[in-house]
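Try each task by yourself, then compare your steps with the solution.

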Amino acid sequence: MQAISSLPNQLAIGAIVTTINFAGMIFNYSKNVTNNFITLQATGSLLEKYPKIQEKQKNLANAHFEQSLSAKNLSVCFENQKEIHYPDFTIEKGKKYAIVGDSGSGKSTLINILSGQITDYRGALLLDKTEFRMLDMASIRELIALIPQFPYLFRESFQENLTIGRDISPDIFEQSLKIAQAEEFTAQKLTTKFDENLSGGQKERISIARELMGDKPILIMDESTASLDKATALAIERNILQDERLTVLMITHHLYDESRALVDGLIEL
């Protein structure tokens, strides 16, 4: 892996962090920066991700998802010699899966693998029979939406937080709010500036709606309804799990019986 120190002009780590922080402050001047920053917030540490971006190879294939995502003998070994071994699994297009396990079982690590944070895994991870390592991560991000456990909102209007500079059709915009149960508290308030004036559950619903607006075929939910009351969580999970367009990986510590009945498979870590 190419080290950060080999970048042009010997760019320092501190300079990278300062630049990204400053970019977040000028949200109104660059929606593309906003979109990238939210992606970084959702998928992990900048300093882990940045070198991977720099070493992008020209011969990587574009990702396509027509059949399945599968893992065989998948494992990760960390510097402290701890190893995580995953059961073999196959995620079929259009189906819904719950991934459950105790803390430390590897749920977050699996997310990092699927988002490109971890590439030195062992075994095979295949997207439509193509090894994940051989795919362009930019094209993978066009296929996979991640709803993080801890959503990030900018101090901008609700509308800008939802669209993040994308051209979203009115139908998808309204449908996403409906699925995320966010219509009621955003109605007539889309131009209202966010200023920590939402509850944790409302932030989660904004985050869910935002990812649904990307209209990507694979949706990963990382404890995305943990801050919601049971009735609201079940309503959102039902809406998502019954959406025939989506392939869903719902990562959770607690799977409600009502939602369990709607999933096609259970992956226990």
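**Exercise 1. Find the members of the largest nonpolar core that touch the most other members, and say which elements supply this core.**

Solution. Begin with the term: a nonpolar core is a set of buried Ala, Val, Leu, Ile, Met, Phe, Trp, Tyr and Cys residues joined through side-chain atoms within 4.5 Å. Buried means under 20% relative accessible area, exposed means over 50%, and partly exposed lies in between (1.4 Å probe, protein chains only).

Step 1. The largest core has 35 residues, and L219 and I240 touch the most other members.

Step 2. At least two residues each come from β4, β7 (144-147), α6 (158-163), α7 (170-179), α9 (200-212), β8, α10 and β9 (247-252). Helices (H or I, at least four residues) and strands (E, at least two) are DSSP runs, numbered from the N terminus. The element that gives the most is α10, with 5 residues.

Step 3. Now list the contacts of L219, where contact means heavy atoms within 4.5 Å. Not counting residues up to four places away in sequence, L219 touches A145, I147, L212, I240, L246, T247, V248 and L249.

Step 4. There is also a second, separate core of 32 residues, and F89, I99, F132 and L143 are among its members. As a general background, nonpolar side chains tend to be buried together in soluble globular proteins.

A word on the source: this is a predicted model, in which local features need pLDDT of at least 70 and side-chain atom pairs count only at pLDDT 80 or more, while totals for chains, interfaces and linings use all residues. Residues are numbered from 1 along each chain as its sequence is written, and side-chain values use heavy atoms, with hydrogens and water left out.

**Exercise 2. Describe the surroundings of T186.**

Solution. Step 1. T186 sits in helix α8 (residues 183-186), and its relative accessible area of 2% makes it buried.

Step 1. Apart from neighbours within four places in sequence, T186 is in contact with F158, L177 and I206.

**Exercise 3. Inspect the salt bridges and compare the exposure of their partners.**

Solution. Step 1. A salt bridge is a side-chain nitrogen of Lys or Arg within 4 Å of a carboxyl oxygen of Asp or Glu. The structure holds 8 of them.

Step 1. K93 pairs with E66, with the closest N and O atoms 3.5 Å apart. This pair links distant parts of the chain, 27 residues apart: K93 is in the loop between β3 (89-92) and β4 (96-100), and E66 in the loop between α3 (46-54) and β1 (68-77). K93 is partly exposed at 40%, and E66 is exposed at 55%.

Step 2. R245 and D243 meet at 2.7 Å, N to O. R245 is partly exposed at 44%, whereas D243 is buried at 9%. D215, D243 and R245 are linked in a network of salt bridges.

How values were computed: Contact means heavy atoms within 4.5 Å.
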